[in-house]
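Here is a two-chain model to work through. Questions and answers follow the display.

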Amino acid sequence: MALVGKLALVADAMLGRLETQAGLLGIPVAMPNAAFVPDFTVADWFIEARFFPNSPKAEGITTGLMDHGILQISAVFQRNMGAIVVLEAAEALKTMFPKNLELFNGGFKTTVHRAPYASSPFDRVDQYVVPVIVEWSS
Amino acid sequence: MRGPAAVKVYAEIERVKARLNAVYQEALIKFAEDMQRPVSQGGNMPVKTEFLRSSLEASPMGASPPLVPHPGGKQYHYNADEVNSVLRTATIRKHRLRLTYTAEYAAHAEHNHRFRALAVQNWSKHVAAASTKYAAGRL
C-alpha cells in the first residue's frame, strides 16, 4: 500500500531509519503497535520505539501546516546491569538521529530540529529503560 | 532629580518589565493547560481516576515535593485555579517555579504518553500567543 498521509510518511521515514541503524548494530527493535517478544540472547538490549505527533507547530499561508512531534526510542535492558552500559546505549541511540538530520519521504521533508536527549531512566518489573527523545518537524 | 524625559523612560521600562512577566505567566498557564489536557479532549494526559492529573503542584524552586503512590479506588479532581494562582506569581528573572507531578507513577505515564515533553515542544507557541495577547499598548 502506497502511503499518502503526511504523518504516516514522516513515521515511515523515521522508523525506517531507526530499523536500518539498529540493524547495523544488530539490536532488535520493538516497533509501535507491532508484535515483539524480548529475547536478550540476541543482544543485551533492545530498542522500543514510539511515535508521538504533536498539535501543529504553525500554519503557513502558502506552505500549509508545519507539523512537529517526538520519536521516542528507548534502550531497554534487563535489570541489574548497572547504569553505565545503559547510558552507553542511549548515546548510541542519540547518534542515530543527529540534529539537522533531514529525511525525505513522499514529498515531505522531516528535520530533527534539536539534538536528541536522554530522559530519566526508570524501572519496570523486569526491565530497566532509558528513553531518548528525538524532536522532529516537517 | 530626574528630568521629564528620564521619568518617561523609567515608566516605559517598568511597563516593559510588567509585560514581560505577564507574557511569562500567561505562557506558563497555557503550558500547564496543554500538558494537562486529557486524551479525551485531544490532549496527551491519560485520565482514569485523575490522580496523576490532580497531582500537579506548582512550587518555588528548591527541593521537590515527595512522591506519593496511588492510594487506589476513588476519583480525584484537578484544580487548575490553584496551580494557576501560583504560576501568576512567577517572574522571569527572580521568581522561577517548579511544576511537579507527585504521583509516583508519573514517569511511567510520561514514557507512554509524553504529555510533558509534547507540551514543552509547544513552549514557543505558548510564548508567541501570550506575546500577542500582551502586545505593546495592551497592558
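Q: How much area do chain A and chain B bury between them?
A: This is a predicted model: local features need pLDDT of at least 70, side-chain atom pairs count only at pLDDT 80 or more, and totals for chains, interfaces and linings use all residues. Residues are numbered from 1 along each chain as its sequence is written, chains are lettered from A in the order in which they are written, and side-chain values use heavy atoms, without hydrogens and water. Buried area is the accessible area (1.4 Å probe) that two parts lose on being put together, summed over both. Carbon and sulfur atoms carry 47% of it here, and the total for chain A and chain B is about 1,400 Å².

Q: How many residue pairs are in polar contact across the interface of chain A and chain B?
A: Salt bridges (a side-chain nitrogen of Lys or Arg within 4 Å of a carboxyl oxygen of Asp or Glu) number zero between chain A and chain B. A polar contact is a pair of N or O atoms within 3.5 Å; within protein, one must be able to donate a hydrogen and the other to accept it, and residues adjacent in sequence count only if both atoms are side-chain atoms. With both residues at pLDDT 80 or more, the number of pairs is 14.

Q: Which strand does β5(A) join through 11 bridges?
A: Strands (E, at least two residues) are DSSP runs, numbered from the N terminus, and two strands pair if DSSP finds at least two bridges between them. β2(A) runs antiparallel to β5(A), with nine bridges, and F46(A) stands opposite V76(A). L71(A) stands opposite V134(A). The antiparallel partner with 11 bridges is β10(A).

Q: How many of the 11 residues of β5(A) are buried?
A: Buried means under 20% relative accessible area, exposed over 50%, and partly exposed in between (1.4 Å probe, protein chains only). β5(A) is mostly covered, and its buried residues number 10.

Q: Is N33(A) buried or exposed?
A: N33(A) lies in the loop between β1 and β2 of chain A. Its phi is positive, about 50°, although N33(A) is not a glycine. Its relative accessibility is 86%, so N33(A) counts as exposed.

How values were computed: Helices (H or I, at least four residues) and strands (E, at least two) are DSSP runs, numbered from the N terminus.
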